[in-house]
Amino acid sequence: VNCVCPGPIHTGMTQPIPIEMKEKFARRRVPLRRYGDPEEVAHGILSLVLPAASYINAAVLTVDGGMTAQNT
């Protein structure tokens with residue numbers, strides 16, 4: 001079992017948040033200064049399900065533009 005932990009991502013859930021608030025949050029908290037795209041999370045997941053990753057177990061993949069690394 002592996003775990004994927006997405007950060008701020010443009011999704012239907014975040015769509016109602018005003019763009020100005022998203023930009024302000026990203027500038028303050030995300031080193032990449034933006035929300036991620038769903039495709040960026042999908043690429044991380046894809047890398048875990050490829051045959052080349054068959055020996056990876058109990059991994060936590062954080063896809064958050066560096067937010068966790070900056071704030072720990």
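In this predicted model, Lys 22 is buried but forms no salt bridge. The closest side chain of opposite charge belongs to Glu 23, and it is 9.2 Å away. A salt bridge would require a separation within 4 Å. Lys 22 sits in helix 1, which covers residues 19-29.

The protein chain carries 7 positive and 6 negative side chains. The centres of these two sets are 10 Å apart.

The fold is made up of three helices and two strands. Along the sequence, these elements follow the order β-α-α-β-α. The C-alpha trace extends about 40 × 30 × 15 Å along its principal axes. Of the 72 residues in the chain, 21% are buried; Lys 22 is one of the buried residues.

The surface comes next. The chain exposes about 5,200 Å², and 63% of this area is supplied by carbon and sulfur atoms. A nonpolar patch is formed on the surface by Ile 45, Leu 46, Val 49 and Leu 50. Together, the residues of this patch have about 350 Å² of accessible area. Ile 45 belongs to helix 2, which spans residues 38-49. Ile 45 has a relative accessible area of 38%, so this residue counts as partly exposed. That value also passes the patch cut-off of over 30%.

Most residues other than glycine have a negative phi. Arg 33, however, has a phi near 60 degrees, a positive value. Arg 33 is located in the loop between helix 1 and helix 2. Its relative accessibility is 48%, and Arg 33 is therefore partly exposed.

Ala 58 likewise has a positive phi, near 60 degrees, and is not a glycine. Ala 58 lies in the loop that runs between helix 2 and strand 2, the latter formed by residues 60-63. With a relative accessible area of 68%, Ala 58 is exposed. The cut-off for this class is over 50%.

Conventions:
Residues are numbered from 1 along each chain as its sequence is written. This is a predicted model: local features need pLDDT of at least 70, side-chain atom pairs count only at pLDDT 80 or more; totals for chains, interfaces and linings use all residues. Side-chain values use heavy atoms; hydrogens and water are left out. Helices (H or I, at least four residues) and strands (E, at least two) are DSSP runs, numbered from the N terminus. Buried means under 20% relative accessible area, exposed over 50%, partly exposed in between (1.4 Å probe, protein chains only). Lys and Arg count as positive and Asp and Glu as negative; His and the chain ends are not counted. Patches are made of residues with over 30% relative accessible area and no salt bridge: like charges are joined within 9 Å, nonpolar side chains (Val, Leu, Ile, Met, Phe, Trp, Tyr) within 5 Å. Accessible areas come from the Shrake-Rupley method with a 1.4 Å probe; for residues, only the protein chains shown count as cover. The place of a charge is taken as NZ of Lys, CZ of Arg, CG of Asp or CD of Glu.
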